Amino acid sequence: RGIRLDRARNRLAAFLESGRNAEGQPLTADATAYLTLAHAALGNLPAKYLTAAEARRGELSPRGLAHLALAFLEAGQAARAAQIAEGLAGQVRQTESEAHWESPARNGFVDPQSDLEVTATALRALARIAPRSPLLPKAARWLVANRRRGYYWDSTRDTAQAILGLTDYLRTSRELAADYTVEIFLNGESVLRRRVTAADAVAGQPMVVERVGSALGQSNQIQIVKRGSGTLFFAAALKYHTQAETVPPHGNSNLSLTREYLQIGRAHV
């Protein structure tokens with residue numbers, strides 16, 4: 001195992017020395033920050049690699065800044081890591097309840113690193129470097145809210161990054177030390193009430209309320225009341241069917257649909 005780690009460290013050093021990747025192309029600033037972090041995690045990081053990565057700080061995306069901050073932290077330079085993390089926090093997009101970081105647009109196209117991956121990496125950095133940052137619960141809430149249908153993220157890559165970010169956040173926030181009751185009201189009627197303990201939070205047992213057909217009205221109001229210490233995350237989903245004979249094509253930012261109907265006739269020779 002030690003030999004394999006030494007080989008990995010030497011390979012990383014070769015990339016950082018040459019400034020080029022395995023295909024011989026110049027390393028971007030983001031790639032340099034990531035490789036520097038990987039080397040720092042393995043130990044024995046030469047100071048010159050940190051200096052070189054920081055010299056390109058102005059070229060870094062939010063994700064690159066997060067990697068650079070973590071590299072300084074791994075190298076034992078907590079004060080410098082905190083300064084870079086402060087710059088990272090300054091690039092956040094936030095509302096009263098949520099916060100996220102955006103992936104950069106290059107040549108008119110969004111970078112392959114999604115907003116979710118960028119936000120998850122920023123959350124990891126701030127959770128480890130600035131554990132009292134008010135952005136932490138907001139970023140965690142944004143990650144949880146941006147699941148598809150409340151169950152999963154867009155890809156296995158996004159899912160892995162989200163789990164890594166949320167895991168570091170939970171280590172800091174101790175949100176799993178729950179002791180509260182939650183009550184759910186639908187149109188003023190209490191439809192679920194449950195006490196949640198630390199064991200329940202760790203087990204991740206969901207609370208599901210389903211209402212179909214005549215149990216719902218034209219307009220419905222859901223109210224969630226929490227009493228006690230701990231953090232409650234929730235999601236709502238709506239499924240519906242239509243009896244309309246003509247349904248227009250529908251898509252979203254990930255998938256656009258079109259339809260074309262052709263009449264199949266007999267060929268005449």
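The following legends describe close-up views of a predicted model.

**View 1. Salt bridge between aspartate 6 and arginine 9 in helix α1.** The two side chains meet at 2.7 Å, N to O. Aspartate 6 and arginine 9 are 3 residues apart in helix α1 (residues 2-18), a separation of about one helical turn. Aspartate 6 is partly exposed, with a relative accessible area of 39%, whereas arginine 9 counts as buried at 14%.

**View 2. Salt bridge between aspartate 168 and arginine 171 in helix α8.** The N to O distance is 2.6 Å, and the partners lie 3 residues apart, about one turn of the helix. Aspartate 168 counts as buried at 12% relative accessibility; arginine 171 is exposed, at 61%.

**View 3. Salt bridge between glutamate 183 and arginine 227.** The side chains meet at 3.4 Å, N to O. This pair links distant parts of the chain, with glutamate 183 in strand β5 and arginine 227 in strand β7 (residues 222-229), 44 residues apart. Glutamate 183 is buried, at 9% relative accessibility, while arginine 227 is partly exposed, at 40%.

**View 4. Crossing of helices α6 and α7.** The axes of α6 (residues 115-129) and α7 (residues 135-145) come within 10 Å and cross at roughly 150 degrees. Because angles over 145 degrees count as roughly antiparallel, this description applies to α6 and α7. Their crossing is left-handed.

**View 5. Nonpolar surface patch formed by Leu170, Leu176 and Val202.** The patch covers about 240 Å². Leucine 176 is placed in the loop between α8 (156-173) and β5 (179-186) and is partly exposed, with a relative accessible area of 36%.

Key. Residues numbered from 1 in each chain as written. Predicted model: local features only at pLDDT ≥ 70, side-chain atom pairs only at ≥ 80, totals over all residues. Heavy atoms only, no water. Patch = residues over 30% accessible without salt bridge, like charges linked within 9 Å, V, L, I, M, F, W, Y side chains within 5 Å. Areas by Shrake-Rupley, 256 points an atom, 1.4 Å probe, with all protein chains shown as cover. Salt bridge = Lys/Arg side-chain N within 4 Å of Asp/Glu carboxyl O. Helix = DSSP H or I, 4+ residues; strand = E, 2+ residues; numbered from the N terminus. Buried < 20%, exposed > 50% of the residue type's maximum accessible area, 1.4 Å probe, protein only. Axes fitted to C-alpha atoms, helices over the stretch in contact; angles between N-to-C directions. Parallel < 35°, antiparallel > 145°, perpendicular 65-115°, else oblique. Left-handed = near helix turned anticlockwise from the far one by under 90°.
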